[in-house]
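Subject: Structure handover

Hello,

Here is the structure I promised to pass on. Please open it first, then read my notes below.

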Amino acid sequence: MSVTGYAGMVNLQRLRVELLPPSELYAGQPASFTLRISNSKRFIPSFLLSFSCQQGAAVLAHLPAAATVNLPLELTLPERGWTHLASVRVSSPFPVSFFIRSWRLTIDRELLVYPRLIPCHQSSGGRSGTDAADGRQGQRGSSGEVERIVEYSGREPLRQIHWKLSARSEELKVKQYRSATAEPLMVDLDSLPGRLEERICCAAWLVHHWAAERPVGLRLGDQLLPPQAGLHQRHQLLAALAVYSRA
């Protein structure tokens, strides 16, 4: 018993974990994290490791000495705003299955969770989201003068990929062309239907849906974020919605 107890303790010693989030997190939507696990023991491997955080879990059969392994971990964070994840629990039945030993490993991550996405339409400001969605107006062009280089979102045609810049980067880059018909969309939170939380979710959907194709701005009470296009603008507007509260 003493030998197996000591072996089980050593098996969990000197493990370190790091939780790497995706670029965007939305409340109530499963998100693919990466759990980076390091064994800092120089000569002793670890076996039969189970990791859990929130409702997510990952299993690793063997972690060699002085090695680092990345595991996929799916988590669903229920609320928008800042969320603190303090630790990951690691457990193992090694070396025998009579006892399961477990420790908590510190991760100490602050994550910004964007609002839940609820499809809706903007009806104020002259044009509706329905009008823009039909493809007749408000989209960027696919030829002409290049306006900017942005990250590939998956919706652009392959002919817009900038292969030279993409070869020097870890991410695909695409060319966005200037379009005279790309009218700005101003999302006014107070003009959207429903209760406050429903309006926030609706506004988040509009920002997520349109920011890659046209300039989008946001009005939150007295706060005004002017219309711009692109991934940075989308993150900025979603972050503002994530932490918004009306006093």
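Leaving aside its neighbours within four places in sequence, which residues is Phe51 in contact with? They are Val17, Leu35, Ile37, Gly56, Ala57, Ala58, Leu60, Leu71, Val88, Arg89, Val90 and Leu105. Contact here means heavy atoms within 4.5 Å.

Some ground rules before the rest. This is a predicted model, where local features need pLDDT of at least 70 and side-chain atom pairs count only at pLDDT 80 or more, while totals for chains, interfaces and linings use all residues. Residues are numbered from 1 along each chain as its sequence is written, and side-chain values use heavy atoms, with hydrogens and water left out.

**Cores**

Phe51 belongs to the largest nonpolar core, which has 28 residues. Together with Phe33, Phe51 touches the most other members. A nonpolar core is a set of buried Ala, Val, Leu, Ile, Met, Phe, Trp, Tyr and Cys residues joined through side-chain atoms within 4.5 Å. Buried means under 20% relative accessible area, exposed means over 50%, and partly exposed is in between (1.4 Å probe, protein chains only). Strand 1, strand 2, strand 3, strand 4 (56–63), strand 5, strand 6 and strand 7 each give two or more residues to this core. Helices (H or I, at least four residues) and strands (E, at least two) are DSSP runs, numbered from the N terminus.

**Helix 1**

Helix 1 covers residues 2–12. Its buried residues are Gly8, Val10, Asn11 and Leu12. They pack against strand 1 (15–20), strand 3 (46–53), strand 6 (81–92) and strand 7. Just after helix 1 comes Arg14, with a positive phi of about 55°.

**Cysteines**

How many disulfides are there? The count is one. A disulfide is a pair of cysteine sulfur atoms within 2.5 Å. The link runs from Cys120 to Cys202, with S to S at 1.7 Å. It is right-handed, with 95° about the S-S bond. The two ends sit in distant parts of the chain, 82 residues apart. Cys120 is in the loop between strand 7 (101–113) and helix 2 (129–133), and Cys202 is in helix 4 (residues 196–210).

Both ends are buried: Cys120 has 14% relative accessibility, and Cys202 has 3%. Cys201 is in no disulfide. The nearest cysteine sulfur to Cys201 is that of Cys202, 8.8 Å away. Cys201 is buried too, at 6%. So is Cys53, at 4%.

**Salt bridges**

Side chains of opposite charge can pair when their charged atoms come close. The whole structure has two salt bridges. The rule is a side-chain nitrogen of Lys or Arg within 4 Å of a carboxyl oxygen of Asp or Glu.

One joins Arg234 and Glu24, at 2.7 Å from N to O. Arg234 lies in helix 5 (residues 231–242) and Glu24 in the loop between strand 1 and strand 2 (31–39), so this pair ties together parts 210 residues apart in sequence. Arg234 is buried at 13%, and Glu24 is buried at 15%.

Arg80 and Glu197 form a salt bridge as well, with the closest N and O atoms 2.7 Å apart. Arg80 is in the loop between strand 5 (68–75) and strand 6, and Glu197 is in helix 4, so the pair ties together parts 117 residues apart in sequence. Glu197 is partly exposed, at 39%.

Best wishes
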